[in-house]
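Me: Could you walk me through a structure that is new to me? I would like to learn how to read its features one by one.

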Amino acid sequence: MEKFLKHTGNALPLRRSNVDTDQIIPAVYLKRITKSGFEDGLFAAWRNDPAFELNQPQYKFATVLVAGPDFGTGSSREHAVWALQNYGFKVILSSRFADIFRGNSQKMGLLTVILPQADIEKIWQEIESKPDTQITVDLGAKTVAYAKTTLTFDIDDYTRWRLMEGLDDIGLTFTKLDQVSKFEEKRLSFKPKTLPIR
Amino acid sequence: MGKALAEKIWAEHVVAAAAGEPDLLYIDLHLIHEVTSPQAFDGLRLANRKVRRPDLTIATEDHNVPTLNVDKPIADPVSKLQVDTLRKNCAEFGVRLHSLGDVEQGIVHVVGPQLGITQPGMTIVCGDSHTSTHGAFGALAFGIGTSEVEHVLATQTLPLHPPKTMAINVDGTLQAGVTSKDIILAVIAKIGTGGGQGYTLEYRGSAIRALSMEARMTICNMSIEAGARAGLIAPDQTTFDYVKGKAHAPTDGDWDAALTYWKTLTTDADAKFDKEVNLNADELAPFVTWGTNPGQGLPLTASVPNPDDYSNAEDRGAVKRALEYMDLKPGTPLKSIKVDTVFLGSCTNGRIEDLRSAASVIKGKKIASSLRLLVVPGSARVRLQAEAEGLDKVFLDAGAEWRSAGCSMCLGMNPDQLKPGERAASTSNRNFEGRQGKGGRTHLVSPLVAAATALKGTLSSPADL
């Protein structure tokens, strides 16, 4: 996973709540067996509408997505994170994220930042009136800065450390495999096994 | 202070814990399917890792598979490659797989309980958000992403922060024609699609205790639609009776030991939930969604809401957008809405009891000539059972299509899709824009409402016939 320290980029306003992962990437795009090439499926249905924000030239180079509340609800498909990353997004700002989507993002190094809805509204107004506004997200300092405003956000220290170091969880868990083996020795013997087939 | 059931199960699965770090949680059962696993197996190969516990892992083909001509090669080459990839991966890593055509094939959340590998007190994960279904057995079961699928394959654990707990108390008695689907749709309408974020839901109360296992699965299945990764119900005699005798259920002395343990799996009387929500089952009616998220639902007797009735500007905008997509006008009685397709199936309502209840309404009648009724059993075994009971004949005689098992039109990944502008009454779990096919419109309903709607042509309950 790529380290995430600080990112500066243009932002895209997505004034919609409850953007579910079926909207982020419809099911018909999930048949691929790789983690790349999903950018063409990103918001596929909405992109048919020329007025959709992603189609507007002033937001063409956006790397920060500023979304309404409850972003990423529904299906657990990590393809939603891959599609956003494949397209070029590095950070998503929202007042609320669905749990599974947020977990998937944190595994892949796509930063999800929670800000109060009032702040999201102010950022929307700023980037709608001045689309070239640059937003800087500093994970070390836990700040989001744009124009003359600097906001702070919360993220648990463990996740922050892992993202800043670019560490993948599996590698970290492999250092604890002895403990896993010990746990397995004490597991209740009647718990079911899938093999052999009965 | 006592513990909630979800906290007990969590505590019993913590492998390692340290201040400021997520707990490392042991996973008792990992369910796999073709769509969210190929990249995870690739990850194992790249790192030269093995599947740590193939004996706690099981795969089935469900999301992408056709429900017609299942004895022939899959026609869509991209779908075929994905299914072939699962077969290749399972063979290479020693994972048990139930392929198309196998008697145990079916939707992963129907297959687990049916094999008896879903049992109380377990931690169960799958790269599918409806894994919450297995919570009906008093298991802690939740959906995961593909990175986590790889993590579980490699280590049989997951690093996670414990969720908070929420009690959903449903007391009273359901009236005739009101089902567990209506309970969960009412819960989601009450707490919203984000209401359960960060929580494990525990469904409690006399109305829940009175439900069959399959009805309980319908409720837990849609916990994710309320934003909760997991939802569960404490096991009781109904649970034990259901598990007993299944292929992978404990036997002999193991059964006695398991039963003794399972009986401890309750929320302590002095436990305190982080949040409680109450519903009166006596007041519930058949529910239907009118919008584009599962929280946008109302009793069938209501009318399409008016955006102007919402004080919050954001809600107003969301309702307006949903009505535009759904092509509905405020004030329209829900019962006057005409549908083109009725879908009976999915991990929410594709079990034998669901097919029986729909068949009981349809028996001896014909579906409306204006629509199609697609009946898709949740598993090959459910299909066989239904055929043994003559339910296939009831549906076919009524003019319905009788299909093979899979996720089918619930997510529109296989050829079973709505056409743009088509409207469906569906027993599935999500009414998102385009969920059942690009431009398709979905109303979520119970199997009883689905059946009545198929006969009448407009959204209806059996009482309207």
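Me: What should I know before I start?

Reply: This is a predicted model, in which local features need pLDDT of at least 70 and side-chain atom pairs count only at pLDDT 80 or more, while totals for chains, interfaces and linings use all residues. Residues are numbered from 1 along each chain as its sequence is written, and chains are lettered from A and ligands numbered from 1 in the order in which they are written.

Me: How many helices and strands are there in chain B?

Reply: Helices (H or I, at least four residues) and strands (E, at least two) are DSSP runs, numbered from the N terminus. Chain B has 16 helices and 19 strands. Its radius of gyration, taken over C-alpha atoms, is 21 Å, close to the 23 Å given for 465 residues by the globule rule (2.2 Å times the number of residues to the power 0.38), so chain B is as compact as a globular protein of that length. The C-alpha trace spans about 55 × 55 × 45 Å along its principal axes.

Me: What share of the residues in chain B is buried?

Reply: A residue is buried if 20 or more other C-beta atoms, placed from the backbone, lie within 10 Å of its own. In chain B, 62% of the 465 residues are buried. Helix α5(B), residues 146-155, is mostly covered, with 10 of its 10 residues buried. B:Gln156, which follows that helix, has a positive phi, near 60°.

Me: Which strands make up the open sheet of chain B?

Reply: Strands of a sheet pair through backbone hydrogen bonds, either parallel or antiparallel. Here two strands pair if DSSP finds at least two bridges between them. The open sheet has 5 strands in the order β17-β16-β15-β18-β19, with parallel pairing. β17 (401-402) and β19 (441-444) of chain B stand at the edges with a single partner strand each, so one side of each has no neighbour in the sheet. Within the sheet, β15 (341-344) and β16 (372-375) of chain B run parallel and share 4 bridges, and B:Leu344 has B:Val375 as its bridge partner.

Me: Which residues touch the most other members of the largest nonpolar core?

Reply: In soluble globular proteins, nonpolar side chains tend to be buried together. A nonpolar core is a set of buried Ala, Val, Leu, Ile, Met, Phe, Trp, Tyr and Cys residues joined through C-beta atoms within 7 Å. The largest core has 148 residues, and B:Val342 and B:Ile362 touch the most other members. A second, separate core of 43 residues includes A:Val64 and A:Met108.

Terms used
A residue is buried if 20 or more other C-beta atoms lie within 10 Å of its own, exposed if 12 or fewer, and partly exposed in between; C-beta atoms are placed from the backbone.
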